[in-house]
Amino acid sequence: REVAALARLLARGVEDTASARLQALVAGLYQLSVEEFEHVLGTFPLIPAEARETALTLYREAQR
């Protein structure tokens, strides 16, 4: 439900926190380790570094 809600929110316009949360949730669905997710985020240079760091922080917090 949360993934769908975030996708609808993003469809209405870019919102960095929602995007970061969505990325973190999807990484969880793929059962990535924190290190794997960090690597994946590093392969998207067009995403601002701050947004990538926010996604990684959210993912780390969810893994605790």
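**Reading the model**

Tutor: Let's start with Leu-29, which lies in helix H2, residues 16–29 (helices are DSSP runs of H or I, at least four residues, numbered from the N terminus). A word on the ground rules: this is a predicted model, where local features need pLDDT of at least 70, side-chain atom pairs count only at pLDDT 80 or more, and totals for chains, interfaces and linings use all residues. Residues are numbered from 1 along each chain as its sequence is written, and side-chain values use heavy atoms, leaving out hydrogens and water.

Student: Is Leu-29 buried or exposed?

Tutor: Buried means under 20% relative accessible area, exposed over 50%, and partly exposed in between, with a 1.4 Å probe and protein chains only. Leu-29 has 62% relative accessibility, so it counts as exposed.

Student: And where does Gln-31 lie?

Tutor: Gln-31 sits in the loop between H2 and helix H3 (34–42). Its phi is near 55°, a positive value in a residue other than glycine. Gln-31 is exposed too, at 68% relative accessible area.

Student: How many salt bridges does a search of the whole structure find?

Tutor: Side chains of opposite charge can pair when their charged atoms come close. We call it a salt bridge when a side-chain nitrogen of Lys or Arg is within 4 Å of a carboxyl oxygen of Asp or Glu. The search finds two. Glu-2 pairs with Arg-21, their closest N and O atoms being 2.9 Å apart. Glu-2 is in helix H1 (residues 2–11) and Arg-21 in helix H2, so this pair ties together parts 19 residues apart in sequence. Glu-53 pairs with Arg-60, with closest N and O atoms 3.9 Å apart.

Methods: Helix = DSSP H or I, 4+ residues; strand = E, 2+ residues; numbered from the N terminus.
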